[in-house]
Amino acid sequence: APTEKEAEAMKRDLAGMNFPRAIEVRSIDGLRSQLQGGPVYTFVNRATGLIRFVQERVDRADGSKWYKPWVMLSDGDWASMEPDGDPPLPLWQPPASSPPKRRIMIHEGAKCATAANGLGSDHPWYEFMSQYEHWGLIGGALAPHLTDLRDLLAVNPTEVIYFCDNDFPGINALKGLSSRWRRPQRNPRCRPSRPATASASSATASRTAAPISPSSTSSTPRAS
């Protein structure tokens with residue numbers, strides 16, 4: 001370990017250095033040669049119209065999956081890392097609807113949110129789900145404390161629903177998000193006929209999903 005004097009000298013040297021930082025970009029054309037061909041989700045800053053973060057789904061040979069992060073750095077290179085910030089992870093948002101919707105439903109990940117935004121009118125949940133704009137919480141069910149909620153605050157939604165996966169990590173994420181949101185929110189409860197690990201993604205992909213309605217949601221207490 002460095003001595004106290006050496007540590008102070010290193011601090012002085014580092015204070016004058018400019019390290020690359022994450023910046024926003026207009027397109028991901030320069031990144032495409034590094035992608036592996038899986039689904040790609042772009043996180044757009046609605047205030048600027050620029051892309052601030054990219055997620056690439058990578059399917060491993062063992063059947064597991066990984067969402068690989070990408071950001072553009074100020075030195076002009078794409079880097080596989082999460083964006084700067086405290087907390088660092090933005091919520092995935094679809095293109096702004098017209099007219100704007102101020103009822104927001106948050107799902108576990110961009111994939112689920114994309115599926116929910118794309119529901120067809122023949123789906124049994126369409127009438128209910130189409131009332132909401134669907135956003136995605138990234139970083140996994142265990143990372144709601146890493147989510148930047150400022151975009152959600154800027155929308156000033158009239159209602160927020162968190163559609164967590166129906167498993168232990170998902171329910172814990174619901175509690176974690178509620179403690180940070182500090183406003184009333186609700187969470188859908190699928191009928192018991194749904195599998196114990198049902199998610200919005202699996203349910204929205206099915207044309208035989210059990211109906212869901214406002215009456216099947218339960219209030220999450222305001223955090224203390």
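The lining of the second largest pocket comprises seven nonpolar, one polar and six charged residues, where Ala, Val, Leu, Ile, Met, Phe, Trp, Tyr, Cys and Pro count as nonpolar, Asp, Glu, Lys and Arg as charged, and the others, Gly among them, as polar. The model is predicted, so that local features need pLDDT of at least 70 and side-chain atom pairs count only at pLDDT 80 or more, whereas totals for chains, interfaces and linings use all residues. Residues are numbered from 1 along each chain as its sequence is written, and side-chain values use heavy atoms, with hydrogens and water left out. Of the 14 residues that line this pocket, Arg52, Pro83, Asp84, Gly85 and Pro88 lie nearest its centre. A pocket is here an open set of points on a 1 Å grid over the protein atoms alone, where a 1.4 Å probe fits, with protein on both sides within 12 Å along at least five of seven lines, and lining residues have an atom within 4 Å of a point.

In helix 5 (residues 168-181), Gly170, Ala173, Leu174, Leu177, Ser178 and Trp181 are buried, that is, under 20% relative accessible area with a 1.4 Å probe and protein chains only, exposed being over 50%. These residues lie on the same side of helix 5 because they cover an arc of only 135° around the axis, the arc being that of the directions from the helix axis to the C-beta atoms. The face turned away from the buried side of helix 5 carries the exposed residues Phe168 and Lys175. Helices are DSSP runs of H or I with at least four residues, numbered from the N terminus. Just after helix 5, arginine 182 takes a positive phi of about 60°.

Technical notes:
Helices (H or I, at least four residues) and strands (E, at least two) are DSSP runs, numbered from the N terminus.
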